[in-house]
Amino acid sequence: GGIAQMQRAGAIRAGDSSVMAFAAWSLVHGVVMLTLDGQGTRTRHRSPEELVKEATSLLMIGMKAPGAD
């Protein structure tokens, strides 16, 4: 529901919100699994929370609506 709300607010581009949510969930799941596997050491010892925040920010750049700040 959060992605659909952000679409209505104009912060996220139009599209299938369930697919966008799946992509975001997949990204977070991937960060967690890589961290559990010890791959987080390649990221200058950032916490899983920091990695999720950064990865989500990178994902949002691609979902951002044209002209949204």
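Visitor: Is glutamine 7 to be read as buried or exposed in this structure?

Guide: A residue is called buried when its relative accessible area is under 20%. In this predicted model, glutamine 7 has a relative accessible area of 18%, so the residue counts as buried.

Visitor: In which helix does glutamine 7 lie?

Guide: Glutamine 7 belongs to helix α1, which covers residues 2–8.

Visitor: What does the side chain of glutamine 7 reach?

Guide: A polar contact pairs N or O atoms within 3.5 Å. Here the side chain of glutamine 7 comes to 3.0 Å from the backbone oxygen of arginine 13.

Visitor: Which residues are in contact with glutamine 7, leaving aside its neighbours within four places in sequence?

Guide: Contact requires heavy atoms within 4.5 Å. With those neighbours set aside, glutamine 7 touches Ile12, Arg13, Ala14, Gly15, Ser17 and Met20.

Visitor: How many helices and strands does the protein have?

Guide: There are 3 helices and 0 strands, and the pattern along the sequence reads α-α-α. The C-alpha trace spans about 40 × 25 × 15 Å along its principal axes.

Visitor: What share of the residues of the protein counts as buried?

Guide: The protein has 69 residues, of which 17% are buried; glutamine 7 is one of the buried residues. As for the surface, the protein exposes about 5,200 Å², with 60% of that area supplied by carbon and sulfur atoms.

Visitor: How far apart are the mean positions of the positive and negative charges?

Guide: The protein carries 7 positive and 6 negative charges, and their mean positions lie 5 Å apart.

Terms used
Residues are numbered from 1 along each chain as its sequence is written. This is a predicted model: local features need pLDDT of at least 70, side-chain atom pairs count only at pLDDT 80 or more; totals for chains, interfaces and linings use all residues. Side-chain values use heavy atoms; hydrogens and water are left out. Helices (H or I, at least four residues) and strands (E, at least two) are DSSP runs, numbered from the N terminus. Buried means under 20% relative accessible area, exposed over 50%, partly exposed in between (1.4 Å probe, protein chains only). Accessible areas come from the Shrake-Rupley method with a 1.4 Å probe; for residues, only the protein chains shown count as cover. Lys and Arg count as positive and Asp and Glu as negative; His and the chain ends are not counted. The place of a charge is taken as NZ of Lys, CZ of Arg, CG of Asp or CD of Glu. A polar contact is a pair of N or O atoms within 3.5 Å; within protein, one must be able to donate a hydrogen and the other to accept it, and residues adjacent in sequence count only if both atoms are side-chain atoms.
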